[in-house]
Amino acid sequence: MRNSIICVALSCIAIGTQAQTVNQCGFKIPPKSLKSSFQSVYEAKEVVDNMLDSIKWKENFQMKEQNGINNAYATLSGSKRWIVYDNDFLENMDSYAGTKWASYSVVAHEMGHHYYNHVIDRTGSTPPKEIEADYFSGYVMGRMGASLPQAVAAMEKLGSDKASATHPAKADRLASITKGWNYANTNRPTNQPTNPIETQPQPAPTPTPNPNTNPNTNTGTPTNDWIYLTHSNTKPLAVELSDDGRKYQSVDLKVGEPFVFKYDVYAYGWLRIKQLNGYKIYKLLHGNDYTLQWSRKQQSWILVIVQ
């Protein structure tokens with residue numbers, strides 16, 4: 001079954017590095033920037049959680065970072081809903097638009113596709129779908145406290161003046177964002193956008209387990225997605241774990257007790273451990289169990305897959 005992808009259409013080809021160019025969808029390409037906005041899927045999820053709280057809606061999708069795609073899109077893969085985003089693309093957009101609300105509005109736009117069940121028919125983007133998602137983006141930005149210029153910043157800077165078979169012209173999209181923003185600011189106490197009509201049951205988001213909790217007592221029988229990590233030390237062993245190989249968190253591995261963890265989006269994790277001459281980094285694949293053993297010959301910790 002093929003995936004259904006609905007993109008915000010602010011990117012279709014690679015981002016230019018020098019002069020501003022126009023992509024195949026007719027949108028201006030922002031230049032690269034060193035600015036950082038969403039550094040991992042966890043920061044992005046915090047932003048999304050704030051959006052959801054502002055409109056009192058429970059998410060029916062999961063987030064996934066996929067750098068190099070120069071895009072952000074909503075998709076349905078099997079029975080799971082996703083918002084896939086390129087962190088670098090969002091950073092470039094924020095820098096060019098001059099506000100963090102640019103990337104926020106793009107993520108809100110993709111949320112709108114899931115809110116209105118646009119991915120269910122698996123037919124991709126259409127002008128009516130994009131107008132609805134733009135309205136939702138404006139509404140969310142208004143609820144979160146963005147000014148109208150901030151809410152329309154991304155579209156104002158990068159929108160195409162001409163319509164296409166899949167996306168409306170910039171003027172129409174700006175008008176829809178503005179309507180959503182106005183509605184949020186004139187109906188702030190209780191009202192929300194029209195509730196979506198559910199055409200199929202919503203997949204429940206995968207719960208994030210406590211990494212120090214045994215899945216046998218927390219979520220039932222563990223699957224191959226879980227990683228069990230142990231060590232041969234006689235004292236607790238300090239390591240660092242990451243979902244993307246960039247942002248690490250410190251963890252103490254207890255003696256005689258496996259550390260159990262799972263990342264909801266990535267098919268692997270990263271382990272970093274301090275050695276005598278610096279740090280050593282290992283990639284951990286889901287479905288494998290690992291143990292850290294001290295090598296007297298190498299005078300360092302080595303990671304061994306438990307068969």
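Which residues does Trp-57 touch, not counting residues up to four places away in sequence? Keep that in mind while I bring up the structure, everyone. One reminder: this is a predicted model.

So, the answer. Trp-57 touches Leu-52, Met-111, His-114, Tyr-115 and Phe-136, once those residues up to four places away are set aside.

Now let's step back to the core. The largest nonpolar core holds 40 residues, and Trp-57 is one of those touching the most other members, together with Met-51, Met-63, Met-111, Phe-136 and Met-141. Several elements give two or more residues to this core, including helix H1 (41-55), strand E4 (80-85) and helix H7 (170-186). Helix H3 (101-115) is on that list too, and H3 gives the most, with 8 residues. Apart from this core lies another one, of 16 residues, with Val-251, Phe-259, Leu-271 and Leu-303 among them.

Next, have a look at helix H4. With 18 residues, H4 reaches 26 Å from its first C-alpha to its last, close to the 26 Å expected at 1.5 Å a residue. Among the buried residues in H4 are Phe-136 and Met-141, along with Lys-129, Glu-130, Asp-134 and Arg-143. Just after H4 comes Gly-145, which takes a positive phi of about 100 degrees.

Last stop, friends: a hairpin. Strands E11 (residues 289-295) and E12 (residues 300-306) run antiparallel and are joined by 7 bridges. Trp-294 stands opposite Trp-301 in E12. Between the two strands of the hairpin there are 4 residues, and Gln-299 takes a positive phi near 55 degrees.

How values were computed
Residues are numbered from 1 along each chain as its sequence is written. This is a predicted model: local features need pLDDT of at least 70, side-chain atom pairs count only at pLDDT 80 or more; totals for chains, interfaces and linings use all residues. Side-chain values use heavy atoms; hydrogens and water are left out. A nonpolar core is a set of buried Ala, Val, Leu, Ile, Met, Phe, Trp, Tyr and Cys residues joined through side-chain atoms within 4.5 Å. Buried means under 20% relative accessible area, exposed over 50%, partly exposed in between (1.4 Å probe, protein chains only). Contact means heavy atoms within 4.5 Å. Two strands pair if DSSP finds at least two bridges between them. The expected span of a helix is 1.5 Å times one less than its number of residues.
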